[in-house]
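Subject: A structure for you, with notes

Hello,

Here is the structure I promised to pass on. Please open it first, then read my notes beside it.

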Amino acid sequence: MSAPAVAHGAHRILTTERTWGLASWASRANSARLTDLALGGTDNYEPDHIVARQLTDVAPCFASATRINAVYNHLTIGLLTKSFGIRGFLDLGAGLPTLPPSRTYPDTHRSAEDAAPGSRVVQVDHDRVVDAHLRMCSAGRHGQNRSIIADLRDIETVLAHPFVQALKDSGPVGVLVHDVLPYITCDRQAARVLHAVQTWLPPGSAVSLTHATGELHPTQMAAAAEVLQHAGLPYRLRPRDQVHDLLAPWPLLKAGVVPTGRYHPAHKHTRLPEHHSGAYAAIAVHPRRLAASTGPA
């Protein structure tokens, strides 16, 4: 990315933050900024640091779970491009791009471009400041990268957006639903989001889900959820069976529902104890494409 593009993008973000109220945006912990902090980013503030310290005190696995999830995101994009020929990605609940860009935890659009140059990516987040950052970081990149502001609870509006429709019109889509459904605490709403996505997707598509659970380390994860609740960020842990049911009736790749760090053999965290993942991962594929897939071991 050229220096002028960075300067212009940074100016736009600062203008945006002034318009919407940076003081207000930074006055309380934010889920996107907590993730940014755990990944070594620079777009986080004192309220995020306070909550991050509280999380570390009660759940040391929380930061490692965030990093494991980011590596999983990168490896999953590679799998879906190589094994399924997917060139369009819908990233639901994208969060902040890491600045400076990280080779260890690359953002979705960078992972897609590395796996298959010219890939199309649409990133969705409900936060206007996050959207401004996403637009700045994808400006001038190869491929067709877009971002939109929308709330997943209104999933029909998301799927009807012209950018998202264009993905569907261009072929199979890989939908990334990574560490976002815990923030939808109503079980019925969470299930409705995935059902709507699966109904909308064309043959050859796939849905990748990661979801926090209390089953791998009940004490730590329950304490983490309580910290987030007190910070104004309700966070719903769900068991393995419920994660599986969220993706039904689509068949899963043969890895099934496993701790996030165990899903990809190439994952650098595979040797860590399972509780470091703090979450389960699964990939569901369109029934009309399962026989043609190879999937991870």
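Which strands does helix H12 lie across, and at about what angle does it run to E5? Helix H12 (residues 240-247) lies across strand E5 (206-212) and strand E7 (279-285). Its angle to E5 is about 155°. Axes here are lines fitted to C-alpha atoms, for helices over the stretch in contact, and angles run from 0 to 180 degrees between N-to-C directions. Contact means heavy atoms within 4.5 Å.

Some ground rules. This is a predicted model, in which local features need pLDDT of at least 70 and side-chain atom pairs count only at pLDDT 80 or more, while totals for chains, interfaces and linings use all residues. Residues are numbered from 1 along each chain as its sequence is written, and side-chain values use heavy atoms, with hydrogens and water left out.

**Overall picture**

The protein chain has 13 helices and 7 strands. Both are DSSP runs, numbered from the N terminus: helices are H or I with at least four residues, strands are E with at least two. Of the 297 residues, 55% count as buried. Buried means under 20% relative accessible area, exposed means over 50%, and partly exposed is in between (1.4 Å probe, protein chains only). Now take contacts between residues at least 6 apart in sequence: 76% of them join residues at least 24 apart.

**The sheet**

The 7 strands form an open sheet with mixed pairing, in the order E3-E2-E1-E4-E5-E7-E6. Strands E3 (144-149) and E6 (258-259) stand at the edges with a single partner strand each, so one side of each has no neighbour in the sheet. Two strands pair if DSSP finds at least two bridges between them.

Look at E2 (residues 120-125). It runs parallel to E3, joined by 6 bridges. Aspartate 125 has isoleucine 149 as its bridge partner in E3. E2 also runs parallel to E1, with 5 bridges between them. There, leucine 90 has valine 122 as its bridge partner in E2.

How many residues of strand E1 (residues 88-92) are buried? The count is 5 of 5, so E1 is largely enclosed by the rest of the structure. Gly88, Leu90 and Leu92 point one way, while Phe89 and Asp91 point the other.

**The core**

Nonpolar side chains tend to be buried together in soluble globular proteins. The largest nonpolar core here has 37 residues. Such a core is a set of buried Ala, Val, Leu, Ile, Met, Phe, Trp, Tyr and Cys residues joined through side-chain atoms within 4.5 Å. Leu90, Leu92, Val124, Val175, Val177 and Val207 touch the most other members. Helix H10 (residues 187-200) gives the largest share, 6 residues.

Rings of Phe, Tyr and Trp (its six-membered ring) pair if their centres lie within 6.5 Å; planes under 30 degrees apart count as stacked, over 60 as edge-to-face, and the rest as tilted.

Phenylalanine 62 and tyrosine 235 form an edge-to-face pair, 6.3 Å centre to centre with 65° between the planes. Phenylalanine 62 lies in helix H5 (residues 61-84) and tyrosine 235 in the loop between H11 (218-230) and H12, so the pair ties together parts 173 residues apart in sequence. Both are buried.

Tyrosine 72 and tyrosine 263 are also edge-to-face, at 5.7 Å and 90°. Tyrosine 72 lies in H5 and tyrosine 263 in H13 (residues 260-263), so this pair ties together parts 191 residues apart in sequence. Tyrosine 263 is buried, with a relative accessible area of 1%. Its C-alpha atom is separated by 9.6 Å from that of isoleucine 283, 20 residues apart along the chain.

Ring pairs also link Phe62, Tyr183 and Tyr235 into a cluster.

Arginine 146 lies over the face of phenylalanine 163, at 5.6 Å from the ring centre. For that, NZ of Lys or CZ of Arg must be within 6 Å of the ring centre and within 35 degrees of the ring normal.

**Backbone points**

Most residues other than glycine have a negative phi, and most peptide bonds are trans. Aspartate 179 has a positive phi, near 50°. Aspartate 179 lies in the loop between E4 (173-178) and H10. At 24% relative accessibility, aspartate 179 counts as partly exposed. The peptide bond from alanine 248 to proline 249 is cis, with omega near 5°. Proline 249 lies in the loop between H12 and E6.

Best wishes
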